[in-house]
Amino acid sequence: MSDLKQAIAIIRRGGLVIYPTETLYGLGCDATNEAALRRLFEIKGRALTQPPPLLIAGEAQLTMLVADVSPTARELMAQHWPGALTLILPAQEGLSPLLTSEANGVKTIGVRESGHAIARALCEGAGVPIVATSANFSGATGNAAAPRILDDIPADFKALVDLVLDGGAVGGAPSTIVDCTSAAPRVLRRGAIELDF
């Protein structure tokens, strides 16, 4: 079995995988599996109040997560997806609270469609959105804070997951995050894609 097929099987059964994206190496799991999500948060040492961004493949997976897509968000998707742009959008009802934030009475979720062949294949093969948090312990510094190669990821972190996929060196800058939940989009984090509103 190829490493990619093995990774897809692991995600489907609730496991955790380190994998490359066009920005950084990510730690991923099935975003619809509550037990997998909790294990991911525990391994990273991430606060349960900090929802991770998610990767999707196609409209069907977007619809699983997002309640509404504004014309502005559609325009940004058309221009920059697949790519290193995470959009904050209104969340569907019934999603795990680990995946959503609330601002001004609106539940939101962060999603993007990756242009990296391996990341995309994981979403497509598993048939579900997958978590796309950086493959490191929360609060990491130096190269570990933005892992571009597998050697940037601490060995004790890699030992906690079920599979590590090597995709060589990746971009190194995190995705740009844009809040599209109000009439005027706002850049929340500057990253790989330059945007000015």
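By class, the lining of the largest pocket splits into 17 nonpolar, 14 polar and six charged residues. Here Ala, Val, Leu, Ile, Met, Phe, Trp, Tyr, Cys and Pro count as nonpolar, Asp, Glu, Lys and Arg as charged, and the others, Gly among them, as polar. The model is a predicted one, so to speak of local features takes pLDDT of at least 70 and side-chain atom pairs count only at pLDDT 80 or more, while totals for chains, interfaces and linings use all residues. Residues are numbered from 1 along each chain as its sequence is written, and side-chain values use heavy atoms, with hydrogens and water left out.

The pocket itself comes out at a volume of about 680 Å³. A pocket, on a 1 Å grid over the protein atoms alone, is an open set of points where a 1.4 Å probe fits, with protein on both sides within 12 Å along at least five of seven lines, and its lining residues have an atom within 4 Å of a point. Grid points are joined across faces, edges and corners, and the volume is the space filled by probe spheres set on the points. Of the 37 lining residues, R46, P51, P53, I177 and R189 sit closest to the centre of the largest pocket. The largest share, four residues, comes from strand 6. Strands (E, at least two residues) and helices (H or I, at least four) are DSSP runs numbered from the N terminus.

Buried means under 20% relative accessible area, exposed means over 50%, and partly exposed lies in between (1.4 Å probe, protein chains only). Strand 10 runs parallel to strand 4, to which four bridges join it, and T86 stands opposite I177. Strand 11 runs antiparallel to strand 10, with three bridges between the two, and V187 in strand 11 is the bridge partner of V178. Six residues lie between strand 10 and strand 11 in a hairpin. Pairing of two strands requires at least two bridges found by DSSP.

Elsewhere, four strands make up an open sheet of mixed pairing, in the order 8-2-1-9. Strand 8 and strand 9 are its edges, each pairing on one side only. Strand 1 (residues 17–20) pairs with strand 2 (residues 25–28) in the antiparallel sense over four bridges, and a hairpin of four residues joins the two. Across that pairing, Y19 stands opposite G26 and I18 has L27 as its bridge partner. Toward strand 9 (residues 163–164), strand 1 runs parallel with two bridges, and V17 stands opposite L163. Both faces of strand 1 are covered, with V17 and Y19 buried on one side and I18 and P20 buried on the other.

I18 turns up again in the largest nonpolar core. Of its 41 residues, I18, L62, L87, L89 and V111 touch the most other members. Such a core is a set of buried Ala, Val, Leu, Ile, Met, Phe, Trp, Tyr and Cys residues joined through side-chain atoms within 4.5 Å. Two or more residues come from each of strand 2, helix 2 (34–44), strand 3 (54–56), helix 3 (59–65), helix 4 (71–80), strand 4 and strand 6. Helix 2 gives the most to this core, with five residues.

The ring centres of F137 and F157 are 4.9 Å apart and the planes stand at 90°, so the pair is edge-to-face. Rings of Phe, Tyr and Trp (its six-membered ring) pair if their centres lie within 6.5 Å; planes under 30 degrees apart count as stacked, over 60 as edge-to-face and the rest as tilted. F137 lies in the loop between strand 8 (133–134) and helix 6 (155–158) and F157 in helix 6, so the pair ties together parts 20 residues apart in sequence. F137 is partly exposed at 27% relative accessible area, whereas F157 is buried at 0%.

Lastly, a cis peptide bond joins W81 and P82, with omega about -5°. P82 is found in the loop between helix 4 and strand 4.
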